[in-house]
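Please look over the fold below before reading my notes. I have kept them brief.

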Amino acid sequence: MIKKRHVGVYGQDADAVGEVGSIICGDALKLFLKIDRETGKILDAKFQTFGCASAIASSSALTELIRGKTLEEALQVTNQDIADFLGGLPDQKMHCSVMGREALEAAIANFKGGPVSKEEEGKVICKCFDVTEEKIRKVAIENHLTTVDEITNFTKAGGGCGECRPNIEEILRDIWSLKPPEKPLKPKKLTNLHKIALIQEIIEDEIRPGLQADNGDIELIDIDGNKVMVALRGMCTGCLMADVTIRGIQDKLRELVSEDIVVEAYQ
Ligand code: FES
């Protein structure tokens, strides 16, 4: 499983607290910092996260990356650094790394007694996920994003009712009309640990509930490289459609984890 280091709270003892996201939107992160007021160094960082395994991993990576840094050094940590620390994140989970970076900015603003960052205050473009135009612009420029789907991956904006997608497209056209973006280097591959955790999470959260609704079930038997061995249980055992079910599981894991996943049924 993904290591969850520095989970916890400082309560009243925290020198700075940064809170971002909302449980209603599916992800929330509260970051607590202990800061040496003389040197400005981050002595310790803890977090509480509500969200998926990638949100927890991103929060943990953030605390690892900023401990021992001065506030100025910590502000150089980008959401891509968080994703890279984990060996990469699937495209659909990049918003978890963005949430980490935002919590850091919010905590440092809190320490300095300043206002919340500008992108939290601007005009809301996506009402489903409460995402402002400023945030879309900032994330697009920092991460060289050119399509609405990419914006959805990094901010969730556009991933609900879809009403805001034309507005996002217009913002992107405006940003990149003068100068096309320099595309970032290809992200690093997922580490094995992260890949295993993601597969477990997707089976638990996205595949099992569907099978259980039909009185079936699934058990993850083993993961060996790209080979995922599963056993179908309940009404799925010996079902004539078992091959179709296995293929559906494979398609889902290929879409969300890696294109070279092969799912096999355990006999
Ligand atoms: S308003 Fe953006 S997805 Fe609904």
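This is a predicted model: local features need pLDDT of at least 70, side-chain atom pairs count only at pLDDT 80 or more; totals for chains, interfaces and linings use all residues.

1. Residues are numbered from 1 along each chain as its sequence is written, and side-chain values use heavy atoms, with hydrogens and water left out.

2. The chain comes to 10 helices and 8 strands (DSSP runs, H or I of at least four residues for helices, E of at least two for strands, numbered from the N terminus). Of its 267 residues, 45% are buried (under 20% relative accessible area, 1.4 Å probe, protein chains only).

3. Contacts here are heavy atoms within 4.5 Å. Among those between residues at least 6 apart in sequence, 56% join residues at least 24 apart.

4. The largest nonpolar core holds 49 residues (buried Ala, Val, Leu, Ile, Met, Phe, Trp, Tyr and Cys joined through side-chain atoms within 4.5 Å). Helix 4 (residues 94-112) gives the most to this core, with 8 residues. L31, L104 and I168 are among the residues with the most contacts inside the core.

5. What does I168 touch, beyond its neighbours within four places in sequence? Its partners are I125, I136, V148, I151, A157 and G158.

6. Another core lies apart from the largest one. It has 20 residues, including I202 and L253.

7. Strand 6 (residues 216-224) and strand 7 (residues 227-234) pair antiparallel over 8 bridges; pairing needs at least two DSSP bridges. D222 stands opposite M229 in strand 7. The two strands form a hairpin with 2 residues between them. In the turn, G225 has a positive phi of about 65 degrees.

Note on methods:
Buried means under 20% relative accessible area, exposed over 50%, partly exposed in between (1.4 Å probe, protein chains only).
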